[in-house]
Amino acid sequence: LYGSTISSHKLVRLGSFVDDVVVWLDFDKTSEAIKLVQTIRQLGMRARLVVTTKDPKEYNDQEIIDIIDNGSSPDLRVVQ
């Protein structure tokens, strides 16, 4: 995403390419992330929310895989 929003039109297009969407924004954008997950689900797609205390850009590739696939990180706060 550029910023913390995406249009419903783009979400529908995304749904034709992927089965699951993981929303992981900066910690201070948690409320926006929750709303985005709700919107994705209302459009009929599966969505999960990841919230960590550190910015997503502060994780290396393996840490990102571990968080998304296994829900494991000492900084992980919420996964739905």
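**Close-up 1. Lys 29 and Glu 32 in a salt bridge.** Lys 29 is partly exposed, with a relative accessible area of 30%; buried means under 20% relative accessible area, exposed over 50%, and partly exposed in between, for a 1.4 Å probe and protein chains only. Glu 32 also counts as partly exposed, at 30% relative accessibility. The side chains of the two residues meet at 4.0 Å, N to O. A salt bridge here is a side-chain nitrogen of Lys or Arg within 4 Å of a carboxyl oxygen of Asp or Glu. The model is predicted: local features need pLDDT of at least 70, side-chain atom pairs count only at pLDDT 80 or more, and totals for chains, interfaces and linings use all residues. Residues are numbered from 1 along each chain as its sequence is written, and side-chain values use heavy atoms, with hydrogens and water left out.

**Close-up 2. Strands S1 and S2.** S1 and S2 pair in the parallel sense over five bridges; pairing requires that DSSP finds at least two bridges between two strands. Helices (H or I, at least four residues) and strands (E, at least two) are DSSP runs, numbered from the N terminus. Trp 24 stands opposite Val 50 in S2. From S1 the chain passes through H2 to S2 in a right-handed β-α-β crossover, meaning that, with the strands pointing away from the viewer, the path from the first strand over the helix to the second runs clockwise. In S2 (residues 46–52), five of the seven residues are buried.

**Close-up 3. The salt bridge between Arg 46 and Asp 20.** The closest N and O atoms of this pair are 2.6 Å apart. Arg 46 belongs to strand S2 and Asp 20 to strand S1, 26 residues apart. Arg 46 is exposed at a relative accessible area of 52%, whereas Asp 20 is partly exposed at 44%.

**Close-up 4. The rings of Trp 24 and Tyr 59.** Ring centres 5.4 Å apart and planes at 50° make this pair tilted. Rings of Phe, Tyr and Trp (its six-membered ring) pair if their centres lie within 6.5 Å; planes under 30 degrees apart count as stacked, over 60 as edge-to-face and the rest as tilted. Both residues are buried. Lys 54 lies over the face of Tyr 59, at 4.6 Å from the ring centre; the rule asks for NZ of Lys or CZ of Arg within 6 Å of the ring centre and within 35 degrees of the ring normal.
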